[in-house]
Amino acid sequence: MNTCSRRNFVHTSLVAGAALATPKSLFGTTAAPKPSFPVADYHVHLSPTLSIEQAVALGKERGVQIGILEHPGPGYKIQDDADLKKYIDGLRPYPVRIGLQPVYAGWSKSFSRNLLDELDYVLMDALTMPRPDGGWVAIWPIDTMVDDEEEFMGRYMKFIEQILTTEPIDVFGWPTFLPVPIARQYKRLWTHERVDRIIELARARTIAIEINEVAHLPDEDFVSAAKRAGLKFTFGTDSRNQNAAHFYYCYQMAQKCGLTQADMFVPKARKQSAGS
Ligand SMILES: [Zn+2]
């Protein structure tokens, strides 16, 4: 898995996701205004097309706080404490939140608790599922196959439950994403029972829900139910370019579901590093 193919997927899914996860009327209406409360984009990746200076400038221009994410684990830049410390220290001089987006369950064993506590937040999604025979499989690529949708949903829910009950995270990213072949069944597959279960588990460990700008997820019903349950939300573009801090769907959801400042996630007070 690499970030390049994920980026391609994201572009393709923008169209599919928009058509599937939101009412058609969305496109006939004017854009929702920026909410009156302070807004943050907690899902920004630095890349060759987005330097930290550019991200900060975009945030300033759009009046949006920026939260930077980087992936830890095999195949990524952050593998151990030394890498993590370098990443955190490198971002410290900038007016951004510093986060981590682990990909593989069990990731936190590679890092010491003290260092993880220096992060503002950890966001994790459930899009890299364990294979029954070992290893991992990403469910976001456009060519993901689903033979039996109920069997898939059973495994997917089990993995979501594992993440929400065992992973040390603050935000659940890409909530209710479905692989492309079954994305049109969103309303049918995300039963009340499944939605309630996710909300219940997130509430039990005070895990916030990401409203994902790229995927246009989760839908209005989910956001409303999560709000009623007292969950907090983040907005995220999952961007690696000038789309950082640019919101359309998130503002739409904020307006439709009546989100207020009290509904928004606030990172915990960060531990200062021992050495500085
Ligand atoms: Zn991401």
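Me: How many aromatic pairs does the structure hold?
Reply: This is a predicted model, in which local features need pLDDT of at least 70, side-chain atom pairs count only at pLDDT 80 or more, and totals for chains, interfaces and linings use all residues. Residues are numbered from 1 along each chain as its sequence is written, and side-chain values use heavy atoms, with hydrogens and water left out. Rings of Phe, Tyr and Trp (its six-membered ring) pair if their centres lie within 6.5 Å; planes under 30 degrees apart count as stacked, over 60 as edge-to-face and the rest as tilted. The number of aromatic pairs in the structure is 12.

Me: What is the geometry of the aromatic pair Y42 and Y121?
Reply: The ring centres of Y42 and Y121 are 5.0 Å apart. Their planes make an angle of 70°, and the pair is edge-to-face.

Me: Which strands hold Y42 and Y121?
Reply: Strands (E, at least two residues) and helices (H or I, at least four) are DSSP runs, numbered from the N terminus. The two tyrosines are 79 residues apart in sequence, so their pair ties together separate parts of the chain: Y42 lies in strand β1 and Y121 in strand β4 (residues 121-125).

Me: Are Y42 and Y121 buried or exposed?
Reply: Buried means under 20% relative accessible area, exposed over 50% and partly exposed in between (1.4 Å probe, protein chains only). Y42 has 6% relative accessibility and Y121 has 0%. By these values Y42 is buried, and Y121 is also buried.

Me: How does the pair of Y104 and W136 count, by its planes?
Reply: Y104 is in the loop between β3 and α4, while W136 is in strand β6 (residues 136-138), 32 residues away. Y104 is buried at 18% relative accessibility, whereas W136 is partly exposed at 34%. With 5.5 Å centre to centre and 55° between the planes, the pair is tilted.

Me: Which protein residues are donors of the zinc ion?
Reply: Donors are N, O and S atoms within 2.8 Å of the metal (3.2 Å for Na, K and Ca); water is not among the atoms, so sites may look incomplete. Here the donors lie 2.0 to 2.7 Å from the zinc ion. Their spacing along the chain is H-x1-H-x55-Q-x136-D. They are H43 (NE2), H45 (NE2), Q101 (OE1) and D238 (OD).

Me: Why is the site of the zinc ion irregular?
Reply: Four donors count as tetrahedral if all angles lie between 85 and 135 degrees; four count as square planar and six as octahedral if opposite donors are over 155 degrees apart and all others between 65 and 115; anything else is irregular. The site has 4 donor atoms and is irregular, with angles of 81 to 174°.

Me: How many residues apart are H45 and Q101?
Reply: H45 is buried, with a relative accessible area of 3%, and Q101 is buried at 1%. H45 is in strand β1 (residues 39-45) and Q101 is in the loop between β3 (97-100) and α4 (113-116). The pair links distant parts of the chain, and its separation in residues is 56.

Me: Which residues does I160 touch?
Reply: I160 is in helix α5 and is buried, with a relative accessible area of 1%. Contact means heavy atoms within 4.5 Å. Not counting residues up to four places away in sequence, I160 touches A126, F172, W190 and I198.

Me: What is the length of the polar contact between the side chains of N212 and E210?
Reply: N212 is in strand β8 and is buried, at 0% relative accessible area. A polar contact is a pair of N or O atoms within 3.5 Å; within protein, one must be able to donate a hydrogen and the other to accept it, and residues adjacent in sequence count only if both atoms are side-chain atoms. The side chains of N212 and E210 are joined by such a contact of 3.1 Å.

Me: How many residues of helix α9 are buried?
Reply: Helix α9 (residues 249-256) is mostly covered. The buried residues of α9 pack against β1, β2 (64-69), β8 (208-212), α8 (220-228) and β9 (233-236). Of the 8 residues in α9, the number buried is 6.
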